Amino acid sequence: MKKLYILSCVGAVLLGACASNPSSNNPVQVAKAPTPIHSESVSKRLNACIVRSNQSADALLVDSQIIAVTRNNPHAKTLFSSPDKLTDEQAKALTNYLAEANTCRPIALEGVNPEMTAVYQDFFKRIDALYADLIARKITIGVANQERQLLIQDAHLKRVAIQTKGK
């Protein structure tokens with residue numbers, strides 16, 4: 001019985017050592033994190049622009065009734081499943097919000113390489129078309145939120161691919 005206990009302890013120690021020793025041929029562990037695409041000063045200005053554009057009365061209405069703009073939005077579940085189309089008031093608020101938010105786009109493009117600029121430009125074109133369809137009442141609020149999330153995810157994956165390829 002004592003030998004079985006000692007053998008179990010030795011086995012546990014060996015398994016623990018193997019589990020904590022990273023394999024050098026594991027590509028997930030070897031891959032480095034993507035490098036930032038903006039300088040620190042550009043990142044700060046971009047963040048300040050985004051924060052500023054998200055604080056207007058129109059932005060607050062958009063975030064609570066139309067598009068889940070902010071993280072941990074308490075209205076997100078409702079917005080993603082909403083069968084409603086925009087009211088006149090919501091369409092006006094979204095138009096005003098987009099005009100303010102789009103002023104951040106030139107900052108987002110500062111200092112990025114041509115391949116990354118193409119990703120951003122494609123995203124802007126596709127998201128603008130989505131918002132135009134929403135404002136024109138061709139799609140519902142729920143569909144707009146779902147499609148917006150897919151566009152963001154697609155652009156993010158393309159961005160990460162470019163960043164990791166450049167290393």
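This is a predicted model: local features need pLDDT of at least 70, side-chain atom pairs count only at pLDDT 80 or more; totals for chains, interfaces and linings use all residues.
Reader: Why is Asp-128 called partly exposed?

Author: Its relative accessible area is 34%. Buried means under 20% and exposed means over 50%, so a value of 34% puts Asp-128 in between, as partly exposed. You will find Asp-128 in helix α8, which covers residues 114–135.

Reader: What makes the link between the side chains of Asp-128 and Arg-105 a polar contact?

Author: The distance is 2.6 Å, and the cut-off for a pair of N or O atoms is within 3.5 Å. Therefore the pair of side chains counts as joined by a polar contact. Leaving aside neighbours within four places in sequence, Asp-128 is in contact with Arg-105 and also with Asn-102.

Reader: Where is Asn-102 relative to Asp-128?

Author: Asn-102 and Asp-128 are 26 residues apart along the chain, and 9.9 Å separates their C-alpha atoms.

Reader: Why is Asn-72 called exposed?

Author: Asn-72 has 79% relative accessibility. Asn-72 sits in the loop between α4 and α5.

Reader: What makes the phi of Asn-72 worth a look?

Author: Phi of Asn-72 is near 55°, which is positive, and the residue is not a glycine. Most residues other than glycine have a negative phi. Arg-137 is another non-glycine residue with a positive phi, about 65°.

Reader: Is Arg-137 buried, exposed or partly exposed, and where does it lie?

Author: Arg-137 lies in the loop between α8 and α9. Its relative accessible area is 30%, so it falls between the limits of 20% and 50% and is called partly exposed.

Reader: Which residues of the lining are closest to the centre of the largest pocket?

Author: The largest pocket has a volume of about 1,400 Å³. Of its 36 lining residues, Leu-46, Ile-50, Phe-123, Arg-148 and Ile-152 are the closest to the centre. The largest share of the lining, seven residues, comes from α8.

Reader: How many residues of that lining are nonpolar, polar and charged?

Author: The lining of the largest pocket divides into 22 nonpolar, ten polar and four charged residues.

Key: Residues are numbered from 1 along each chain as its sequence is written. Side-chain values use heavy atoms; hydrogens and water are left out. Helices (H or I, at least four residues) and strands (E, at least two) are DSSP runs, numbered from the N terminus. Buried means under 20% relative accessible area, exposed over 50%, partly exposed in between (1.4 Å probe, protein chains only). Contact means heavy atoms within 4.5 Å. A polar contact is a pair of N or O atoms within 3.5 Å; within protein, one must be able to donate a hydrogen and the other to accept it, and residues adjacent in sequence count only if both atoms are side-chain atoms. On a 1 Å grid over the protein atoms alone, a cavity is a set of points where a 1.4 Å probe fits but cannot get out, and a pocket is an open set with protein on both sides within 12 Å along at least five of seven lines; lining residues have an atom within 4 Å of a point. Grid points are joined across faces, edges and corners, and a volume is the space filled by probe spheres set on the points. Ala, Val, Leu, Ile, Met, Phe, Trp, Tyr, Cys and Pro count as nonpolar, Asp, Glu, Lys and Arg as charged, and the others, Gly among them, as polar.
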